[in-house]
Amino acid sequence: MSDRSDSDHARSGTMGRRSLLQGVGLVGLGSLTAGASSTPAAGADASPVQNVHTQSMTGPLNLVTDVEQDFENGSVPETFMGVQTIPMGSRIKYEYRQEIPGIILDRMLHSEVRYPGGYGFIPQTNAGDGDPLDVLVLLEDPLLPGTVLEVQPVGVLRMLDDGEDDDKIVAKPVDEPRLDHVESREDIPEHERAEIEEFFKTYKNLEDDPDVVTNGIGPAEEAYDIVESGAERFTEES
């Protein structure tokens with residue numbers, strides 16, 4: 001895994017303005033791209049929408065492939081972009097489908113449990129099954145499905161689903177000052193870590209043939225290694 005240098009911190013500062021593009025997965029994204037120019041009008045600030053490549057799109061934005069990431073030369077910076085599809089506190093499982101592209105209702109959770117954070121994926125990664133890596137974002141308030149935001153990994157929930165790796169990157173939002181102190185899994189209260197693991201251990205219990213095994217929350221270093229592998233896999237298979 002590459003070191004997180006001071007240059008990563010500098011670069012992450014420039015990325016902060018890209019976060020919290022709320023609802024881009026819900027609206028007609030063609031309307032965002034119609035007539036968009038790669039050069040802002042004189043005296044005007046560059047729109048944050050341009051940073052997710054909408055200025056060059058002729059059709060709807062694909063949140064898996066078209067959200068800009070700073071993954072270069074097999075390295076992953078300290079912070080990068082994530083997409084939330086399921087709001088914190090929800091028991092509704094939404095999924096993003098690239099072929100639409102858009103967010104669909106996958107199912108209502110069969111158990112009376114609710115997502116302990118904002119749940120979604122990391123654009124421009126591949127988990128090995130063709131889908132992007134999963135991410136659970138620690139939040140103080142729920143965000144809209146389709147929100148694009150800048151995140152920083154603080155751990156990873158190691159998990160098997162039907163005997164296959166189904167790890168969940170645990171991250172914090174960069175633009176949430178109430179979580180500035182959270183830099184590692186040890187900074188997450190022990191009970192909150194237990195709640196996260198308990199949710200994923202039990203949320204399929206009332207479904208047919210549940211087969212989920214969790215193995216605790218690993219350190220941030222493991223999370224970065226998984227994201228780097230996922231980014232490399234995405235590049236190789238693109």
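Modeller: Helices are DSSP runs of at least four residues and strands are DSSP runs of at least two, both numbered from the N terminus. By that naming, and bearing in mind that this is a predicted model, threonine 79 lies in the loop between helix H2 (29-33) and strand E1 (80-86).

Biologist: Why does threonine 79 count as buried?

Modeller: Its relative accessibility is 3%, and buried means under 20%, so threonine 79 counts as buried. The side chain of threonine 79 is also joined to that of glutamate 150.

Biologist: What makes the link between threonine 79 and glutamate 150 a polar contact?

Modeller: The two side chains are joined at 2.8 Å in another case, that of lysine 93 and glutamate 95, and at 2.6 Å in the case of threonine 79 and glutamate 150. The cut-off for a pair of N or O atoms is 3.5 Å, one able to donate a hydrogen and the other to accept it, and therefore each of these pairs is listed as a polar contact.

Biologist: How do you know whether lysine 93 is buried or exposed?

Modeller: Lysine 93, found in strand E2, has 10% relative accessibility; the limit for buried is under 20%, so lysine 93 counts as buried. Leaving aside neighbours within four places in sequence, lysine 93 is in contact with Ile86, Ile104, Leu105, Asp106, Arg107, Leu109 and Tyr115.

Biologist: Why is the pair of tyrosine 119 and phenylalanine 200 called tilted?

Modeller: A search of the whole structure finds 8 aromatic pairs. In the pair of tyrosine 119 and phenylalanine 200 the ring centres are 5.8 Å apart, and the limit for pairing is 6.5 Å. The planes stand at 45°, whereas under 30 degrees would count as stacked and over 60 as edge-to-face, so this pair is tilted. The pair links distant parts of the chain, with tyrosine 119 in strand E4 and phenylalanine 200 in helix H3 (residues 190-202), 81 residues apart.

Biologist: Which residues are closest to the centre of the largest pocket, and what makes up its lining?

Modeller: The largest pocket has a volume of about 850 Å³. Of its 33 lining residues, the closest to the centre are Asp129, Asp131, Pro132, Asp134 and Asp166. The lining divides into 10 nonpolar, 6 polar and 17 charged residues, and strand E2 gives the most to it, with 5 residues.

Technical notes: Residues are numbered from 1 along each chain as its sequence is written. This is a predicted model: local features need pLDDT of at least 70, side-chain atom pairs count only at pLDDT 80 or more; totals for chains, interfaces and linings use all residues. Side-chain values use heavy atoms; hydrogens and water are left out. On a 1 Å grid over the protein atoms alone, a cavity is a set of points where a 1.4 Å probe fits but cannot get out, and a pocket is an open set with protein on both sides within 12 Å along at least five of seven lines; lining residues have an atom within 4 Å of a point. Grid points are joined across faces, edges and corners, and a volume is the space filled by probe spheres set on the points. Ala, Val, Leu, Ile, Met, Phe, Trp, Tyr, Cys and Pro count as nonpolar, Asp, Glu, Lys and Arg as charged, and the others, Gly among them, as polar. Buried means under 20% relative accessible area, exposed over 50%, partly exposed in between (1.4 Å probe, protein chains only). Contact means heavy atoms within 4.5 Å. Rings of Phe, Tyr and Trp (its six-membered ring) pair if their centres lie within 6.5 Å; planes under 30 degrees apart count as stacked, over 60 as edge-to-face and the rest as tilted.
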